Every structure is written in C-alpha cells, then in structure tokens.
Amino acid sequence: MLKAFSGGTFSRDFTASIVVFLVAMPLCMGIAIASGVPPEKGLITGIIGGLVVGLLAGSPLQVSGPAAGLAVIVFEIVREQGLSALGPILILAGAIQIVAGLLKVGGWFRAISPAVVHGMLAGIGVLIVVGQFHVLFDDKPLSSGLHNLIAMPGQILGLTNQDAATAFAVGLVTIGAMLGWEKFRPASMKLVPGALVGVVAATLVAFALGLPVARVVVPESILSAISLPEQGLLAQLMSPTITTTAIAIAFIASAETLLSAAAVDRMHDGVRTNYNRELSAQGVGNLLCGVAGALPMTGVIVRSSANVQAGAKTRLSAILHGAWILGFVALLPWLLREVPMAALAGILVVTGFRLVSLSHVKHLFHLYGPLPAIVWAATLICVVATDLLTGVLVGIGLSLIELIPHASRLRLGVEEASRGDAHEVALHGTASFLSLPKLSAKLESVPAGQLVILNVERLTHIDHTCAEMVREWADRRTGAGAKVELFGATGRMRQLVA
C-alpha cells in the first residue's frame, strides 16, 4: 500500500477513483431497484466493496459492488422468502467463499466454460431488459421473465395513461443522453461516464418541468438503512432453502468475480490476480453485506474497466471510490431523492442489452464449432425460462458432451525445459477444462520476459475452455513484450491454440 501514496501513483489513483465513483453511483441504485430492494441497499454494498474488499482483494484493479448478474436471483429471493432472508443467505454465501479461497479452489472457477458464463450473462441481460422495461413506465416488474415479456406490448398500448407516458419519456431521455454522450463526447471528456450523463439529464428535465414521476426513496441517514440479522439467525442458517440459495449465490458470484478478474488482467500489465485471495476477499465482503442486510457483491467488469481506463495503478483507487460513495450518501441524500426511477431503469435497460453479447457467441462458433454456441443458447434460454441456477447447470452438463469422445484419455501431461534463452512447455494428452487449473498454473509460472515455446506436437485434443485460456495467456505475454512461439500444431489444432 505504501506504493499507492507515491506522488505520480497517488494522483492517478485519486483521479481514477472519482471516475469509478461516478460510474458506480447510478449502477448501485439501479441494480438495487432491479433486485426488488431499496436503492440504499445497493449503495451499502458499493461502500463495503470499496472500503473493505478493495483493501483485501487479490485483483488490485478490480472494483467490487452490486452486480447486474445477481439482480434476478435476488429479486426471486425477496419475492419468495422476504427481504429478511437475504442477510442469512449472504452470511452463509460469504463464509463459503472464504473457505473456498482458503482451500485454494479459486482456479477451478476459471474452468467453467466461457460459453456457460456468457450464456448466463446473456440470459440475465434479457431478464433485466424485460423487467426494467416496466419500470420505465413507473410500473413494477412481474414475477417472471416470461410474464414480463408477454406484458410488454400492454405497456406500449397503455401509453394513454399520461403519468406512464411521462415516465417513459424520462426513461427515453436517459437512454438517449447516455448513448448520445458515449458516441459523440469529446476526447477530453472521455472519462465522464454515459450513465451519469443520462441520469443527470433526466433528473434536470424532471426537476425543471416538475414532472409527476416516481423518484428514488433514500433515508435521511445511511445508518438507518443497515438492518442487522434478526433473532433466530442460527435456525435460519440451518434451513435447507437458505443453504441451497447461499450455495447458488456463492457459486455464481465467485464465477462472475474470477472471470471478471481474468478480463481485468488482460487490460493492464501490472500485478496479476491472486484468485484464491480474491475469492476470500469477496467472501468477507458478502458476509459483511449479509450482516448489514445489503445486496450481494461481485467483482464488476464495468466499474473495473473504467478503473483501468482512467489510469489506476493500485488498489487505492477502489478503496477511495467506496469513500466517495459513503461521503455522498451521508452528506447529499436529498440530491438522490430527485433522481427519477425511470432514469435508473433506462440505464439498466442499456446495461442488460449489452450483456447479450452476440459477438461472443459468433467468436465461439467461428473458432470451436456449433457445440459451444449451443451451450451458450441453451444456458440463455434456461435462465430466462426457468431460473439462473438451472440454466448454469444445464450449460455445464452440455459442455461435458465435448469430453465424451476423449473420455478414455483425459489425462494431460505438462513438461518444462530450459533451452538457452527460451523456456519450452510441452503438452501431451487431452487439455480439457478438468485440467485447466493445472495448465494455467504452469503457464503463469513461466519466468517473465523469456521466449516461450509452446510444444503441442503430442497434444491430441484441446477443448474451447482451455483454448480460450491459452489464447488469453499468450495475448498477455505478447502484450507485455515477451514472445510466444507455437511448435507442432497442424490443421485444426493450430487454429485453436495459435
């Protein structure tokens, strides 16, 4: 941490923290509303994600807070079990993450197929869009994604209701300002986030015209938003429903966090992520969120990428962004009460739409054939039609099909040798997601700066999960100025790992 207070580093972290704060504020409130809880619950999670997880994190430049990826499952928890069940669930989920980190299983979450993760995020994106579409009209989302989808034409036909039409117009102002700013903003103001511009524009329009639209409800004091666990916590923790839900949240939050951390590592040349430390830090954060009665957290790629692009160098940026949220909520709650609900819904509609990344499924299909694309589509459909956990389990089950032709020879051998100024890593056997933690650890341990010869002459098969990991590892090394050479690959194998 001492490095963070050196002159040049501190100024860059300070500036980046303000950018991340401006990105995080509207998202914290919007995700809370999408989760069916008051907006201050999301702000508390953002504060804990900055001040606590920022200090403990294994990924120094990753920023943690409430995630759109968990909004759907939290909405279901609140609807079916009540808001009071969220605290015990997060306490248990956090404890599971802490233990998982201490047992060094963080690397295994990276072995989840990218097709499953992106299919899950796409399904969540669809659910957010069809749910928040109704909030654009100052209405409430219905009980399921399919019901929300079916009811969408009715909202459009119901625009004869003057108040609903006004709220919808405010939402459109938000979306238009957000997208317009992102497309036409001057280079000198590229760090000003579009979400903030959208919220400010809609808030000013609603305030200046005195529009009769629903606005955010925020308590006078942030302390009053903290709801400690009720009596009988131990009995709740022993409930099978609470336990099952906690395991689901721990699994999904961990996968999203560690995949986000891997993405952040690709954006900079600094310290690499310690996945086990990051997992335990997230567990501490979620446990504290459970004690405070707030939303679950993950590492979030939107805030993290903003942090890197703004020039952050150390974890101080993430810590300071939590301090800015705390200061704003403590000193200016009256300002938050002027924000229209439809404005936050507009931001989430755009956020959800962007989670449905068709470019990623095209990439999978082009490089690895139809099976990963089918896994992506099946995961998406099951998340929308049933629930998040079912969709993920279906996706993981389908991804196992890729192993069937190689079931009798799943072993992967990794041999290393130094050849002058070069370091050779020779692979033989089958590289599948089952061997990804082992392979990843070997590749990451190769000395920096050396030429690496990746010998795949005796590699009989590599699945798309391992191939993506190898591709990302090679991109990071070449981006840092080192060389990676491929030896022994022919035909399809060369296309996969080149």
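Visitor: In which helix is Ala 330 found?

Guide: Ala 330 is found in helix H14, residues 316–331. Helices here are DSSP runs of H or I with at least four residues, strands are runs of E with at least two, and both are numbered from the N terminus. Before we go on, please keep in mind that this is a predicted model: local features need pLDDT of at least 70 and side-chain atom pairs count only at pLDDT 80 or more, while totals for chains, interfaces and linings use all residues. Residues are numbered from 1 along each chain as its sequence is written, and side-chain values use heavy atoms, with hydrogens and water left out.

Visitor: Why is Ala 330 called partly exposed?

Guide: Buried means under 20% relative accessible area, exposed means over 50%, and partly exposed is what lies in between, with a 1.4 Å probe and protein chains only. Ala 330 has 43%, so it is partly exposed. Its C-alpha atom is separated by 22 Å from that of Arg 303, 27 residues apart along the chain.

Visitor: What makes Lys 104 exposed?

Guide: Its relative accessible area is 62%, which is over 50%, so Lys 104 counts as exposed. Lys 104 is found in the loop between helix H4 (86–102) and helix H5 (106–109). Its phi is positive, about 60°, although Lys 104 is not a glycine.

Visitor: Why does Glu 402 count as buried?

Guide: The relative accessibility of Glu 402 is 15%, which is under 20%, so Glu 402 counts as buried. Glu 402 is found in the loop between helix H19 (388–399) and S3.

Visitor: What makes the pair of Glu 402 and His 464 a polar contact?

Guide: A polar contact is a pair of N or O atoms within 3.5 Å; within protein, one must be able to donate a hydrogen and the other to accept it, and residues adjacent in sequence count only if both atoms are side-chain atoms. The side chains of Glu 402 and His 464 are joined at 3.0 Å, so the distance meets that cut-off. Leaving aside neighbours within four places in sequence, Glu 402 is in contact with Leu 371, His 461, Asp 463 and His 464.

Visitor: How do you know that S3 and S4 pair, and in which sense do they run?

Guide: Two strands pair if DSSP finds at least two bridges between them. S3 and S4 are joined by 8 bridges, so they pair, and they run antiparallel. One of the bridges links Ala 417 to Glu 424 in S4. The hairpin of S3 and S4 has 2 residues between the strands, and Gly 420 there takes a positive phi near 65°.

Visitor: What makes the pairing of the whole sheet mixed?

Guide: The open sheet has 4 strands in the order S3-S4-S5-S6, with mixed pairing. Strand S3 (412–419) and strand S6 (484–487) stand at the edges, each with a single partner strand, so one side of each is left without a neighbour in the sheet. In S6, Leu 486 is the bridge partner of Leu 454.

Visitor: Why are the units that link these strands called right-handed?

Guide: A crossover is right-handed if, with the strands pointing away from the viewer, the path from the first strand over the helix to the second runs clockwise. S4, H20 and S5 make a right-handed β-α-β unit, and so do S5, H21 and S6.

Visitor: What makes a group of residues a nonpolar core?

Guide: The term means a set of buried Ala, Val, Leu, Ile, Met, Phe, Trp, Tyr and Cys residues joined through side-chain atoms within 4.5 Å. In the largest one, of 125 residues, Leu 427 and Leu 439 touch the most other members. Helix H6 (residues 114–135) gives the most to this core, with 12 residues.

Note on methods
Contact means heavy atoms within 4.5 Å.
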